[in-house]
Structure formats: structure tokens, C-alpha cells
Number of protein chains: 2
Amino acid sequence: MLVYFLLNISVAYSTMIAFVNNQFIEESKATLGISDLSIQRGYGVFDFFRTSNFTPLFLDDYLDRFFTSAATLRLQPMHSKKELKKIIGEMIRQNNIADASFRLILTGGYSDDSYQPASPNFIIIQQAVQLPGNEKFIKGIKIILHEYMRDLPTAKSINYLMGVYLQEKVKQKEADDVLYHKDGCVLEFPRSNVFVVTKDGKVVTPAENVLKGITRKKVLELARQKYTVEERAVTIDELKNAAEVFLTSTTKRIIPVLSIDNTEIGDGKPGEITAFLLEAFLKMEANLIAATAEKYAL
Amino acid sequence: MLVYFLLNISVAYSTMIAFVNNQFIEESKATLGISDLSIQRGYGVFDFFRTSNFTPLFLDDYLDRFFTSAATLRLQPMHSKKELKKIIGEMIRQNNIADASFRLILTGGYSDDSYQPASPNFIIIQQAVQLPGNEKFIKGIKIILHEYMRDLPTAKSINYLMGVYLQEKVKQKEADDVLYHKDGCVLEFPRSNVFVVTKDGKVVTPAENVLKGITRKKVLELARQKYTVEERAVTIDELKNAAEVFLTSTTKRIIPVLSIDNTEIGDGKPGEITAFLLEAFLKMEANLIAATAEKYAL
């Protein structure tokens with residue numbers, strides 16, 4: 001049973017409503033006990049989607065991935081997909097933010113021995129987001145490489161030790177992000193997927209040992225309508241010699257990668273295929289919002 | 001300034017006192033806000049020592065390692081070593097448990113963007129511990145191997161995704177623990193170090209890409225008094241063909257490894273050098289308690 005009594009208080013004070021276990025609660029008051037296995041051992045999974053004009057985009061895909069990640073870490077979600085949609089709908093209405101991110105976290109729970117998972121704790125946090133505009137697309141990003149593969153890479157665990165740690169190196173190198181690679185092959189960014197456009201116009205992205213992003217999935221669908229698409233291993237050499245390189249992520253959509261370890265990619269400007277895919281993605285998003293906005297209307 | 005007012009309440013209700021940031025607090029009431037980077041991204045460090053007869057063992061070594069781990073993750077502890085000792089002394093007196101473990105956790109703090117570390121949160125939790133007796137030493141343990149190296153292995157981060165995850169595999173294989181290896185070389189257990197005694201009586205332990213355990217350090221000191229000691233790479237082959245194998249840990253001291261992937265080690269019984277080192281370690285511990293117990297007397 002969901003507890004709604006806090007909602008009116010929160011609206012009165014204009015604080016954001018979060019959801020913890022079975023209760024809506026003001027985010028600033030939401031806590032977990034210190035024996036939770038996320039605090040003790042960094043053990044938990046999460047997922048992250050966004051709304052545009054009050055419409056959750058590709059929600060089924062994100063929730064399916066959330067359940068898959070939870071199963072990999074053997075954590076049992078306490079709500080069904082249907083219940084989650086109801087809770088999320090309620091947060092969209094109550095927090096009243098058109099463009100927002102939603103973060104679902106399922107932790108290892110209150111562990112007696114600080115090691116064995118217990119009944120999970122579950123959190124939903126909503127935050128306003130602003131997506132990059134055209135100027136960020138044109139500017140593109142500069143990246144560095146780092147040899148690393150995420151643990152249990154196909155699950156979206158909360159383990160970002162390496163990603164958080166590497167922020168300092170990214171900053172020192174005056175880069176915008178870091179791309180992981182292993183055994184000579186490119187994998188993923190800490191929070192985004194990578195795509196390569198070959199000189200003969202194929203759209204390629206690593207197939208294994210990466211988190212399968214939802215934006216990645218949609219971009220693959222769109223690319224297949226016009227280009228030859230390959231999901232396979234991509235070497236560092238192929239990456240650096242690509243015609244175009246871009247990243248995909250929930251909060252960035254598609255951003256061109258214009259420099260890798262100070263090697264310029266293509267002619268140092270966003271590529272044609274990258275631009276086409278962003279346009280197609282924006283159309284897909286607009287169509288989805290037009291088709292489903294009334295479901296979440298206030 | 002430390003806040004002591006909760007102590008009397010807690011003693012009255014016989015609950016354990018924890019320490020969070022700058023306050024002593026009943027452990028059952030101690031929480032962190034959900035934006036903490038441990039919950040969001042598994043980002044934090046910890047350390048773990050124990051008391052025997054109210055005496056913290058090798059406390060300086062553990063606190064030094066805690067500060068080193070924090071520095072690696074660029075987290076600034078909010079208390080000096082001297083202040084920590086005062087807080088720990090107070091917990092020993094108030095919780096009044098002779099043999100206990102202490103867990104210090106320093107997290108990435110309340111992050112605005114769920115990624116960038118902020119001012120850390122700091123936790124100390126105390127729990128009663130019972131160390132393995134002679135019967136556990138005689139029985140020894142059975143282990144399996146798993147290819148893995150911890151991220152930032154020389155720091156004691158809270159990232160135990162792999163260790164917690166592998167508990168199921170350990171159980172399925174009817175083993176007691178799992179030993180990590182990489183590139184053909186043995187590294188460490190999720191929570192213990194490994195030692196090998198060669199057939200010509202050398203005491204050997206991996207030198208690199210492992211957490212330098214405090215029990216490991218003390219056992220190396222003791223071993224040096226009588227045996228040839230080597231800190232160097234140890235291959236899986238050398239491990240499986242060793243005369244003796246044992247683990248060292250804060251809560252287990254020294255435990256013989258008698259079976260690895262169903263290969264019996266030595267004659268399948270605890271080895272002579274392993275037994276000698278445990279005896280020497282117990283003596284060291286007793287001497288330390290005798291020398292320092294009065295410092296923590298109630």
C-alpha cells in the first residue's frame with residue numbers, strides 16, 4: 001500500500017518528493033540506515049530514465065533493464081513493473097517538472113553481517129534536467145582512453161568507483177569524458193555508449209562487456225533504417241581512424257566525439273551520419289511525446 | 001566538538017552506540033541521506049580493526065591505512081588520527097564489549113549531481129566478534145579461484161560488488177572462500193590475504209595489486225624472525241603445489257587452506273609453519289593486550 005499523506009505537505013513547501021521503499025517522502029528527509037549494503041559494500045543496482053514534457057521516454061525498456069540488473073545481482077525488487085509505473089506517474093504529477101530524470105536504486109538492504117544481501121531497500125529520486133542544445137552538439141567532446149572493464153558489465157550496478165575516481169584525470173587532461181577499453185578493444189564510457197562510423201559509412205558499436213544503453217538501442221533501430229549496422233568488437237585503432245565517433249546517453253542523446261587522446265576524429269567537426277541520427281532521434285522523441293503526453297497530464 | 005548527550009539514553013536501553021559525522025548515536029537510528037555517493041555510486045573507503053579484551057590491536061596501522069585509502073579516493077577525513085582514537089576509546093568504554101570489530105566508513109558525501117564527490121560522511125560501527133578457535137584451524141578451509149582484480153587494489157574502498165556477488169558461487173561449489181587471480185598470478189581473497197609456504201620452507205605472499213592487510217604485515221614480521229620471506233608474484237601453479245597455504249585476516253587471524261578447486265594442499269592437514277605462525281601471532285596479541293589494556297580500562 002502506498003502512503004500519500006506527505007504529498008500535500010511537500011507541495012506546500014515546494015520540496016521534491018522522493019520514494020523510499022513504500023513511502024513518498026520529501027527528498028531532503030529521505031535516508032537509509034547505515035547497515036545498508038550500498039553504504040557497507042557498494043552493493044546495489046539502479047536505472048535512470050527521463051521525462052520530456054511530462055512523458056517518460058522508453059519507460060518499458062528502462063524498467064526491463066532495471067529488473068534484469070536486479071536479477072543479475074540477485075536482488076528482488078519489491079514492486080512490479082505496473083506498480084512502478086503508478087508510483088512514477090504520481091511523482092510526475094506531484095513534482096510537476098516537465099523535463100526530469102528519474103533514478104531508481106535497489107540496494108543490498110540491511111545486512112546483519114555487512115556482507116550477505118538482505119531484503120533490498122528501494123529509492124526513486126527525481127531531478128530536473130536540461131539536455132544539451134545544438135551548440136553542444138556542434139562543439140562535440142574531447143575524450144581520453146583508460147584500460148578498464150566494469151564488473152558484471154551488462155548489469156547497471158551502482159559500482160562507479162573507477163568512473164568517479166577518473167574524473168580528476170579527465171579534468172587534468174582537459175577532456176570531457178573517458179572511454180574504457182580492454183584487450184585492445186573499446187568498451188563504453190562510465191555513463192554512455194560509444195558508436196563508430198566507418199569510412200565506408202557503417203554504423204558500429206561494441207557488442208559485448210558493455211551496458212546496453214536504451215539510447216544505444218534506439219539509435220541502432222534508427223540507424224538500421226538507412227545504414228549498415230554492426231554490433232561487434234571495435235579496436236582502438238578502428239576508433240581512432242573512424243570517419244565519425246559519437247556517444248549516446250539518456251541525458252545527452254547523441255554527442256559527437258571530435259578528439260581522442262588528442263587525435264582529431266574525421267575533420268574535427270560533427271559528422272553527417274551523427275547529425276542524421278540525432279535528427280531522427282529527436283523526431284522519435286517528439287512522436288512519442290505527442291502520442292503519450294495525455295497519459296501523464298496534470 | 002563531539003556530542004555525548006545520547007550516550008546515557010543508549011546505555012539505559014542497551015543499544016549499541018555508533019558514530020556518524022560528529023555525533024554518537026544509537027546505531028539503529030543512524031542514517032545517511034539518499035544522495036550520499038555510497039548509495040548513489042558505491043564511492044567510499046573503509047577500514048576494519050578489532051579489540052581483544054577492550055584493547056584495539058594494531059590501531060595505528062589500521063588508522064594509517066584508512067588515511068591512505070581516503071587519500072587515494074581523494075576523500076578528506078574530518079577527524080585527525082588523535083581525534084579518532086579518542087572517539088574509538090569512548091565507544092569501547094560506552095558499548096562495553098571486550099572483543100569487538102570496529103568499522104570506519106568514509107563516503108563520497110552528499111553529491112549534488114550524483115557523481116562528483118562532496119564533503120564526506122563518516123561512520124563508525126562497533127559489533128561483537130568471536131574469533132575462530134582451534135577446531136576451525138584444524139578443519140581449515142576449501143577455496144575456489146576466480147579471475148578478478150579489485151579496482152584500485154591497494155585502497156580499501158567499499159566496492160565489494162564482485163565479492164558479494166561471488167558468495168553464491170562459493171556456496172554452490174561447497175567452498176568457504178574465493179581467491180582472486182589475474183594473468184596467471186594469485187592476488188587475494190575478497191577480505192583476506194593469501195600466503196604460500198614453498199616445499200623448501202619459504203614464506204611467500206603476493207606483493208602487488210592487493211590490499212596490504214594488517215594481519216598480513218604482522219605475520220610477515222613474525223615469519224622473518226625464523227624463515228626466508230618473499231613478497232613477490234605467486235603463480236596459480238605454485239599455489240596449488242605449495243607445501244602449505246593459509247589466509248590472514250583481522251577477524252580470522254590465520255586459517256589453513258587445505259583444498260583449492262578440489263586439489264588437496266600438502267597432506268590435507270594444517271602445516272607446521274602455518275601452526276607456528278598462528279602461535280607466534282597469538283603471543284604477539286597477548287603481549288600487546290598485556291601492555292596496553294589499562295589504557296582502555298572502564
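How many residues of chain A are in contact with chain B? The count is 37 residues of chain A against 37 of chain B; contact means that C-beta atoms, placed from the backbone, lie within 7 Å.

This is a predicted model, where local features need pLDDT of at least 70, side-chain atom pairs count only at pLDDT 80 or more, and totals for chains, interfaces and linings use all residues. Residues are numbered from 1 along each chain as its sequence is written, and chains are lettered from A and ligands numbered from 1 in the order in which they are written.

**Stop one: the chain A side.** Select α6 (161-172) of chain A. α6(A) gives the most to the side that touches chain B, six residues. Helices (H or I, at least four residues) and strands (E, at least two) are DSSP runs, numbered from the N terminus. Other elements giving two or more residues include β3 (31-33) and α2 (37-41) of chain A.

**Stop two: across the chains.** Select β3(A) and β3(B), residues 31-33. Three bridges join these antiparallel strands; DSSP pairing takes at least two bridges. Thr31(A) stands opposite Gly33(B).

**Stop three: the sheet of chain B.** Six strands form an open, antiparallel sheet, in the order β2-β1-β7-β6-β4-β5. β2 (23-26) and β5 (55-56) of chain B each have a single partner strand, so one side of each lacks a neighbour in the sheet.

Now show β4 (44-52) and β6 (100-107) of chain B. Eight bridges join them, antiparallel. Phe49(B) has Phe102(B) as its bridge partner.

**Last stop: a helix.** Select α4 (81-95) of chain B. Helix α4(B) packs on the sheet, touching β1, β4, β5, β6 and β7 of chain B.

Methods: Contact = placed C-beta atoms within 7 Å. Axes fitted to C-alpha atoms, helices over the stretch in contact; angles between N-to-C directions.
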